[in-house]
Structure formats: structure tokens, C-alpha cells
Amino acid sequence: MERKTVRSGFAYDINGGGGSTESSERARRLKEELGNVPVTGIEGRVAYRFLKRAFDIVFSAVVLVVFCWLFAIIAILIKVDDPKGPVFFSQERVGKDGRTFRMLKFRSMCVDAEDKLVELRELNEKTGPVFKIAEDPRITRVGKWLRKLSLDELPQFINVLRSDMSIVGPRPALPAEVATYDDYQRQRLLVKPGLTCYWQTRRNRDSITFDEWVDLDLLYIKKCSAWSDLKLIVQTVGVVLTAQGS
């Protein structure tokens, strides 16, 4: 029986070998959109920065208040499924200009997930410093559905209120990942990391290579606006409602 997985960012046929040209074509189009003009961030765009921060505060506060009941239900489910572990998972991530912060998530993995990572490294299905496998044995039963519905990310609205993150921006990376970045990739750190980004809203995101992911983030930084942020938020709601998380 034919079986496919994601290796080096391509849909890879284990039985037949090889990959498609879809990724290289996407990468070419991205490079054309980015052009040769350096990415400079948004420091000089005072009005946009003000609107973005004001929206972050109001939107996050509304979500945390309106969906407090959902937080309580998720917390109970996590505890029932795995009583020994905490409800929240806190992990150091890298934000704007390389500043580190503690990112919050609902715990979706077993308590010793970090320790088990070493033995799973060789199964990585992503390019670059990012680690991800389709059938991660560390994910709990409740965690599988939290990820599918993207509900594990809800506590990050607290990070947004704290100004560690924004609603829209490049996803925050681990310090170990950022340590491997070259100068081009470090441009992802020119703005605050976000809850959602171009990569999050792509239907084919599991086949996107790390280099393409970086290009998508830089394209966002280069072209971001209040209107593009709003469109990404609407698209993200669509992704959540159709359970496209992983």
C-alpha cells in the first residue's frame, strides 16, 4: 500500500522515493513577491503600530472574558485525561529583536515530552530547525483534539496582553532554533511574534519547507497593514472552524 509522509518539506513517497516540484514552484513565486528590497520592520509606521497594539489589547481581552468558560472546560478535560500534569505548558520562546519570553499553551503532551524529544529527533518530518512528526506519540488523547481545533493556543492571548506577542505575526521560535538562523532568517525577529501568520492559514502548510515559511513571514513583515491583519484573522477563524490544526 502506498504511504506518504513529509520529508524535507516535500510530499515523499516512501515506497517509490522522490518528491514533487510544488515546493520549488511556491518558493520561486515567494521570492518574486519579496523582491530584492531589504525587510525593514515597522518601527517607522507609528499609526499602524498604535492601531495594531490597540487591537491586540481589545481583541485579547474580549476573547479571554467571553471564552473563560471554554478555558475552564479545557482545563478540566486535561486534568481528567492526565491528572499528574499541569493544565498549562510554559516554554521559553524568542520574540521581537531576540528578546525571550515564556509562551503559554494548554498542555497537549505528556509531562515528560521534552525528555522524549531526543529519541524522536531522527523522525523529524520538517526541514530546518523545526521539529514535527505527523503521529507524535507524546500527544495525549485530549491534546490531539486541542491541536486539531487549535484550542491549545488560546492561552497565548495572555501573552498578547502582556505585549510579548501580537495577534498577527511570525510564530515564535525556540531559542535553540533561533541560534541556527542566518542573517536572512533573523529578519523574522523584526516584529513581535504572533498567534497567526500566513503559514498558519495555508491549507498545504505541512508541505511547506522552513525556507518557504521564513519567506512567508518576511512577506508579511514587508506588506503588513491593518487590512491584511484583519484578513488573516478571518482566515484563521476559518481554519479553526474547519479543524485544520495539527
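Author: In this predicted model, helix 2 and strand 5 (166-168) each supply at least two residues of the lining of the second largest pocket, and helix 2 gives the most, with four residues. The lining of this pocket consists of 13 residues, and those that lie nearest its centre are I42, R49, K52, K96 and K192. The volume of the second largest pocket is about 210 Å³.

The patch is formed by I57, V58, V62, V65, V66, F67, W69, I73, L77 and L161, which together have about 890 Å² of accessible area. One of these, V62, is found in helix 2, and because its relative accessible area is 45%, which lies between the 20% limit for buried and the 50% limit for exposed, V62 counts as partly exposed.

As for the setting, the protein chain has nine helices and six strands, and 46% of its 246 residues count as buried. Its accessible surface comes to about 13,400 Å², with 61% of this belonging to carbon and sulfur atoms. Among the contacts in the protein chain with a separation of 6 or more, 70% are accounted for by residues 24 or more positions apart.

Terms used: Residues numbered from 1 in each chain as written. Predicted model: local features only at pLDDT ≥ 70, side-chain atom pairs only at ≥ 80, totals over all residues. Heavy atoms only, no water. Patch = residues over 30% accessible without salt bridge, like charges linked within 9 Å, V, L, I, M, F, W, Y side chains within 5 Å. Areas by Shrake-Rupley, 256 points an atom, 1.4 Å probe, with all protein chains shown as cover. Salt bridge = Lys/Arg side-chain N within 4 Å of Asp/Glu carboxyl O. Buried < 20%, exposed > 50% of the residue type's maximum accessible area, 1.4 Å probe, protein only. Contact = heavy atoms within 4.5 Å. 1 Å grid on protein atoms, 1.4 Å probe; cavity = no way out; pocket = protein on both sides within 12 Å on 5 of 7 lines; lining within 4 Å. Points joined across faces, edges and corners; volume = space filled by probe spheres on them.
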